[in-house]
Amino acid sequence: MPDSTAFARSNDALTNEKLAHLADLVKTWGRELGFQQVGITDTELSTHEAHLDAWLENGYHGEMGFMAKHGTKRTRPAELEPGTQRIISVRMDYLPAEVESTKVLGQPSRAYVSRYALGRDYHKLMRKRLALLAKKIEQEVGRFGYRAFVDSAPVMERALAQKAGLGWFGKNAMLLNPKAGSLFFLGELYTDLPLPIDAPFEQEHCGSCSACRTACPTGAIVDDKVVDSRKCISYLTIELHGAIPVEFRRAMGNRIYGCDDCQLVCPFTRFTRITQEDDFAPRHDLDRTTLISLFAWGEAEFLDKTAGSPIRRIGYEHWLRNIAIGLGNAPWSQAVEAALWARRAYPSALVREHVSWALEEQQLKRGDRIATDMT
Ligand code: SF4
Ligand code: SF4
């Protein structure tokens, strides 16, 4: 099923009444297709464009050149897809049942994988559902122009969702919904249909809370709603290609792929709804397994076990790099040291450097332990 068709249809036959009815149907169909919320907005993002420009000027995007590369296509939807009049914004909960996030973070010999990445890749599933939504619209009004996006193109997904009434920007820069927290995916259907738009979500409920800023292990939330990616563990473990700066390594703890701390401490996270999607269920015990067991995966095993998972895109070398840091931060044990020694001569210089760092950390802890035993 296509996730886009040509834009620039003639909408003359669609009266306001018909469009209002269609907007209601879109929301009903969206919920039937598994989206928890659907909103509609226009293409006006000038305030967000100014925020993005300031963020880029500060260099907060780090190595994510793609954030700057598309110019105003990101903030002006009709430049990305000429003919776009409206954006249908959707959200889908992703937290699987029985996942103990805080407990795993408190057990440094276990690996912490960001909760959105425990199961199958969400891009395909969400895009397929958006295509089904488009199909239903087409059955109602005939051919129309649309293109589905899920975190895949220069799209201001959180800004569009806020404008479409799905939530507000928390101080952690995530989109927050008062009844659902922030552990959900966002997707968009750009369309040439002039649907009536929803009211933006204007009220910000953070108030005097700043729990996310306090909890961030690396101080990456440099101002309300502003994250310096270069300090953010999600960026460091997923986007950064080279060595992870030493200054952040201890603070990373056992977080080997992404980080959720600024969401886990958020009081609105208690309203998170458990996902109904089987695709998002944890695979290979990624919600609870140990650093040592993941570090033992060979490259073929990594490729096999991460097939269809968002984790795969970081590649095996970065996988080992990240886990080496986790092992350096784990409590000292012979087993941890042995696991690191087994990778001491790994062909990648990047991995070897992180393994050396981790071994030094382990040896420091072993020294401390001997000193404690002798007193
Ligand atoms: S994801 Fe982690 S490192 Fe990044 S801002 Fe949130 S708490 Fe900080
Ligand atoms: S932790 Fe507090 S300040 Fe941060 S996003 Fe949640 S409510 Fe807002």
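Modeller: Helices and strands here are DSSP runs, a helix having at least four residues and a strand at least two, and they are numbered from the N terminus. Please keep in mind throughout that this is a predicted model.

Biologist: Where is E98 found, and is E98 buried or exposed?
Modeller: E98 is found in the loop between β3 (86–93) and α5 (101–105). Exposed means over 50% relative accessible area. Because E98 has a relative accessibility of 71%, this residue counts as exposed.

Biologist: What is the phi of K225, and where in the chain is K225 placed?
Modeller: Most residues other than glycine have a negative phi. K225, although not a glycine, has a positive phi of about 70°. The place of K225 is the loop between β9 (221–223) and β10 (226–227).

Biologist: Which domains does the assignment give, and how many Å apart are the C-alpha centres of domain 1 and domain 2?
Modeller: The domain assignment of the protein chain gives domain 1, written as 4–95 + 119–191, and domain 2, written as 293–375. Between the C-alpha centres of domain 1 and domain 2 the distance is 39 Å.

Biologist: How many Å should helix α14 span, and how many Å apart are its end C-alpha atoms?
Modeller: Helix α14 covers residues 315–329, which makes 15 residues. The expected span is 1.5 Å times one less than the number of residues, so for α14 it should be 21 Å. The end C-alpha atoms of α14 agree with this, being 22 Å apart.

Biologist: How many of the residues of α14 are buried?
Modeller: Buried means under 20% relative accessible area. Helix α14 is largely enclosed by the rest of the structure, because the number of its 15 residues that are buried is 13.

Biologist: Which residues does the UniProt annotation "binding site" that includes C206 cover, and what is the largest C-alpha distance?
Modeller: According to UniProt, in an unreviewed entry, this "binding site" annotation covers C206, C209, C212 and C266. Although these residues are spread over 61 residues of sequence, they cluster in space, and their largest C-alpha distance is 10.2 Å.

Biologist: Is C206 buried or exposed, and which residues is C206 in contact with, leaving aside neighbours within four places in sequence?
Modeller: C206 is found in the loop between β8 (184–191) and α8 (211–215). Because its relative accessible area is 18%, C206 is buried. Leaving aside neighbours within four places in sequence, C206 is in contact with W168, G170 and K171.

Biologist: How does the shell around ligand 2 divide by class, and which residues surround ligand 2?
Modeller: By class, the shell around ligand 2 has 8 nonpolar, 3 polar and 1 charged residues. The residues that surround ligand 2 are G170, K171, N172, L176, C206, C209, S210, A211, C212, C266, P267 and F268.

Biologist: Which helices each supply at least two residues of the shell around ligand 1?
Modeller: The residues around ligand 1 include C216, P217, S234, C259 and D261. By class, this shell divides into 8 nonpolar, 2 polar and 1 charged. The helices that each supply at least two residues of the shell around ligand 1 are α9 (233–239) and α11.

Terms used: Residues are numbered from 1 along each chain as its sequence is written. Chains are lettered from A and ligands numbered from 1 in the order in which they are written. This is a predicted model: local features need pLDDT of at least 70, side-chain atom pairs count only at pLDDT 80 or more; totals for chains, interfaces and linings use all residues. Side-chain values use heavy atoms; hydrogens and water are left out. A residue is near a molecule or strand if one of its heavy atoms lies within 4 Å of it. Ala, Val, Leu, Ile, Met, Phe, Trp, Tyr, Cys and Pro count as nonpolar, Asp, Glu, Lys and Arg as charged, and the others, Gly among them, as polar. Domain bounds come from an automatic or database domain assignment. Buried means under 20% relative accessible area, exposed over 50%, partly exposed in between (1.4 Å probe, protein chains only). UniProt positions are given in the numbering used here, feature names are shortened, and annotations may be inferred rather than shown by experiment. Contact means heavy atoms within 4.5 Å.
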